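Subject: Structure handover

Hello,

Here is the structure we talked about. Please open it alongside this note. My findings follow below.

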Amino acid sequence: MTRVEKLLSISSAPLADTPSVSLKLLEDYPLGPELLRMLEHKNGFYAFESALHVFPLSSEPVDGSTLADWNSDSLWRNDYGDLTTGMLFFAENILQDQFCLSASGVLHFKEETGGTEPMADSLESWAEIILRDYDHETGWTFANRWQAENGPIPPGKRLMPRIPLFLGGSYLTENLWAGDAVEGMRFKADLAIQTQSLPDGAQVRLVLGQKPPN
């Protein structure tokens, strides 16, 4: 059994019917055929108590978000400006860190800062990393604890920190709430753009609502 097959075997039922055709957006990425094969086997899924969410290809998934929808410029990725250029976002963890294809393989995209880290050179290697360190990679502990106190996280929602984590927000369940995934990414994109040029240790003042002029 491959690592991808192992991951699929412990995941949820597919989120949509098996896709009948490939999507053109996969053609620009060396790992596009590998992603297509995985989604042909199981078209989108949740794993590790919903901590890992892989987007389906089909047009009518359970939670309303397809791979094409999630990568649409009009949804949230344009809000990050050039920080999302050359990436295809195919999965996310419970706190909305993204897993994406690029010209060099699979990247880990930090949603609060817009930074990326190289992760794997194949989908098989990506699945191996997820299985080996699923708690760190998917945020399983946070998903498990939050759902034990609040009930299942609905499809289309992820856990959002009340105070951003990279600004010192706590990882305790008291600082987390279940919010709309798209709105969460838009908020975090705004945060990433506003803070990307600040040095480490800079003082930040969070302003909710209309932005100040400077």
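Is asparagine 71 buried or exposed? Asparagine 71 is buried, because its relative accessibility is 10%. (Buried means under 20% relative accessible area, exposed over 50%, and partly exposed in between, using a 1.4 Å probe and protein chains only.)

Some ground rules before the rest. This is a predicted model, with residues numbered from 1 along each chain as its sequence is written. Local features need pLDDT of at least 70, side-chain atom pairs count only at pLDDT 80 or more, totals for chains, interfaces and linings use all residues, and side-chain values use heavy atoms, with hydrogens and water left out.

Back to asparagine 71. Asparagine 71 sits in the loop between α3 and β3. (Helices are DSSP runs of H or I with at least four residues, strands are runs of E with at least two, and both are numbered from the N terminus.) Leaving aside residues up to four places away in sequence, asparagine 71 touches Arg77, Met87, Leu88 and Phe89. Contact here means heavy atoms within 4.5 Å.

Now the sheet.

The sheet is open and has 6 strands, in the order β1-β2-β3-β4-β5-β6, with antiparallel pairing. Two strands pair if DSSP finds at least two bridges between them. Strands β1 (45-47) and β6 (116-120) are the edges, and each pairs on one side only. On average, neighbouring strands are turned by 30 degrees against each other, direction ignored. (Axes are lines fitted to C-alpha atoms, for helices over the stretch in contact; angles run from 0 to 180 degrees between N-to-C directions.)

Strand β3 deserves a look. 5 of the 5 residues in β3 are buried. On one side, β3 pairs with β2 (residues 52-54) in the antiparallel sense over 2 bridges. Histidine 53 has glutamate 92 of β3 as its bridge partner, and valine 54 has alanine 91. β3 also pairs with β4, again antiparallel, over 4 bridges. There, alanine 91 stands opposite phenylalanine 99. β3 and β4 form a hairpin with 5 residues between them. Glutamine 96, in the turn, has a positive phi of about 80 degrees.

Helix α4 (residues 123-132) lies across β2, β3, β4 (98-102), β5 and β6. The helix runs at about 100 degrees to β6.

Next, the rings.

The structure holds 11 aromatic pairs. (Rings of Phe, Tyr and Trp, the last by its six-membered ring, pair if their centres lie within 6.5 Å; planes under 30 degrees apart count as stacked, over 60 as edge-to-face, and the rest as tilted.) Tryptophan 76 and phenylalanine 89 form an edge-to-face pair, 5.1 Å centre to centre with 65 degrees between the planes. Tryptophan 76 lies in the loop between α3 (67-70) and β3 (88-92), and phenylalanine 89 in strand β3, so this pair ties together parts 13 residues apart in sequence. Phenylalanine 89 also pairs edge-to-face with phenylalanine 109, at 5.2 Å centre to centre and 80 degrees between the planes. Phenylalanine 109 belongs to strand β5 (residues 105-109), so this pair ties together parts 20 residues apart in sequence. Both phenylalanine 89 and phenylalanine 109 are buried. Tryptophan 76 is buried too, with a relative accessible area of 0%. Ring pairs link Phe55, Trp70, Trp76, Tyr80, Phe89 and Phe109 into a cluster.

Best wishes
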